[in-house]
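User: Please take a close look at one part of this structure, the ligand site. Then set that part in the context of the rest of the chain.

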Amino acid sequence: MKFVIAPDSFKGSLTAKQAGDAMAIGIKRVFLNQTPEIKVVPQADGGEGTVQSLVDATNGQMLAAKVHDPLGHPIMAHFGVLGNRQTAVIEMSAASGLQYVNYQTRDPRLTSTFGTGELILAALKQDVKEIIIGLGGSATNDGGAGMFQALGGHLLDQRGQELIHGGAALKQLARIDASSLNSRLNQVKIKIASDVTNPLVGPQGASYIFGPQKGATIEIAEQLDLALKHYAAIIKQDLGVEVANLPGAGAAGGLGAGLLAFTAAKMCHGIELVIEYTGLKHQLQQADVVLTGEGKIDLQTKFGKTPFGVAQAAKKLVPQAPVIALVGNIGPGIEQIYQETGIDAIFTTPVGAKSLPRALSEAKHDISLTAENVARLIKKMSNFR
Ligand SMILES: O=C(O)[C@H](O)CO
């Protein structure tokens, strides 16, 4: 019997690999003497945990770089180099994420993706041939302007002065000078693993939809949207690239647009990239049971989150194998999840009623126990066949 275990991380408690290993422990307890084949293939969808999952799944390496946070303070941020040594993987939030600001300091008019550009420079120094950049969880709304400046580009106002950092300053942009952009950028492929498909501007754009979680009031969101519209117009004028309405351009405060405008980046679905780079499809061959999971499953899952991607791949390759999701919590819309994702059964893992901190600290034990129960059922059922 072959089990393929391909979960996302359980945010706040376990990495995807730790969650997968916990499931494997539970299964082994049941199939003690039969040594089933168990493949743990950690997954992610481009959001938080993507670097760790890809590094774990490929026996890669985590590296640290000194960069600047969204407000310009020096920090150490991590990125990964995959086992093939050809591919670097970055989460923009490692340098420019919401975790670096608080209620008092958050201000998307001022925060910058400069640190993400510095992380890209650190990845370029590793002599890789491609860079995967995960977008999402940002504290920024600068359209990737800071990233461009860190990479050697210049954003100039009417007087030829460099723009200061932050989304609000984009309103002053008069000219883009990409002549001194780091030349290594032309030699690498850049793939964007985006968490959303929103455009850069307009009612569904970066400022109105994601600005509020970064501290924007309605007035500030309006100001930032106008600044991004102006930025997109200058990008079109100087570089001939139309970014305003591209799907995903509004991800991570418009960093999607910046990457598409200033580099030859390709926009991809996060989970599809991760499935490809972790070799999940190969591992799924001959699988009898597929286990996946995440911290919370809900309606958003069907918009490309990890269990959805895993279930879709499994249904194509091994349609007879049940796909079972072990999750920390189930949100609304479970019927739709069953109908539209290909997941056959969902089990919550916390054992008994407990507080969130306890559920998080006991996650490993509880996930093993739930996997053990699933395995007991599978074993019994397989005896009937
Ligand atoms: O960072 C953000 O703005 C959101 O996660 C959407 O990408």
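Analyst: A polar contact here is a pair of N or O atoms within 3.5 Å; within protein, one must be able to donate a hydrogen and the other to accept it. Keep that cut-off in mind for the distances below. The model is a predicted one.

Start with the shell. Which residues surround the ligand? They are Gly136, Gly137, Ser138, Asp195, Val196, Phe210, Lys214, Ala251, Ala252 and Gly253. By type, this shell divides into four nonpolar, four polar and two charged residues.

Now the polar pairs. Lys214 places a side-chain N or O atom 2.7 Å from an oxygen atom of the ligand. Ser138 also uses its side chain, with a polar atom 2.8 Å from a ligand oxygen. Ala252 contributes through its backbone: an N or O atom there is 2.9 Å from an oxygen atom of the ligand. How much of the ligand does the protein bury? The protein covers 96% of the 230 Å² that the ligand exposes when taken alone.

Is Ala252 buried or exposed? Its relative accessibility is 6%, and the limit for buried is under 20%, so Ala252 counts as buried.

Arg85 is in the loop between strand 4, residues 74-81, and strand 5, residues 87-91. Its relative accessible area is 39%, so Arg85 is partly exposed.

Next, helix 6. It covers residues 206-210 and holds Ser207. Where does its side chain make a polar contact? The partner is the side chain of Asn141, at 3.1 Å. Beyond residues up to four places away in sequence, Ser207 touches Asn141, Pro212, Ala221, Leu224, Asp225 and Leu228.

The side chains of Gln149 and Glu162 make a polar contact of 3.0 Å. Glu162 is also one of the residues that Gln149 touches, along with Phe114, Leu155, Leu163 and His165, sequence neighbours up to four places away left out. Gln149 is buried, at a relative accessible area of 13%.

Follow the chain past helix 8. Thr263 lies in the loop between helix 8, residues 255-262, and strand 10, residues 266-269. A polar atom of the Thr263 side chain is 2.6 Å from the backbone oxygen of Leu259. Thr263 is in contact with Leu185, Ile190 and Gly258, leaving aside neighbours within four places in sequence. With a relative accessible area of 13%, Thr263 is buried.

Two long spans in sequence show the reach of the fold. Thr263 and Ala77 are 186 residues apart along the chain, and their C-alpha atoms are separated by 22 Å. Ala77 and Asp366 are 289 residues apart, with 31 Å between their C-alpha atoms. Ala77 itself is found in strand 4. At a relative accessible area of 2%, Ala77 is buried. Its contacts, neighbours within four places left out, are Leu63, Ala64, Ala65, Val67, Ala94, Ala95 and Leu119.

Finally, the whole chain. How many helices and strands are there? The chain has 14 helices and 13 strands. Its radius of gyration is 22 Å, close to the 21 Å that the globule rule gives for 385 residues, so the chain is as compact as a globular protein of that length. Along the principal axes, its C-alpha atoms fill a box of roughly 80 × 40 × 35 Å. Buried residues make up 55% of the 385. Among contacts with a separation of 6 or more, 72% are between residues 24 or more positions apart. The accessible surface comes to about 16600 Å², with 52% belonging to carbon and sulfur atoms.

Key. Residues numbered from 1 in each chain as written. Predicted model: local features only at pLDDT ≥ 70, side-chain atom pairs only at ≥ 80, totals over all residues. Heavy atoms only, no water. Near = heavy atom within 4 Å. Areas by Shrake-Rupley, 256 points an atom, 1.4 Å probe, with all protein chains shown as cover. Nonpolar A, V, L, I, M, F, W, Y, C, P; charged D, E, K, R; others polar. Helix = DSSP H or I, 4+ residues; strand = E, 2+ residues; numbered from the N terminus. Rg over C-alpha atoms; globule rule 2.2 N^0.38 Å. Buried < 20%, exposed > 50% of the residue type's maximum accessible area, 1.4 Å probe, protein only. Contact = heavy atoms within 4.5 Å.
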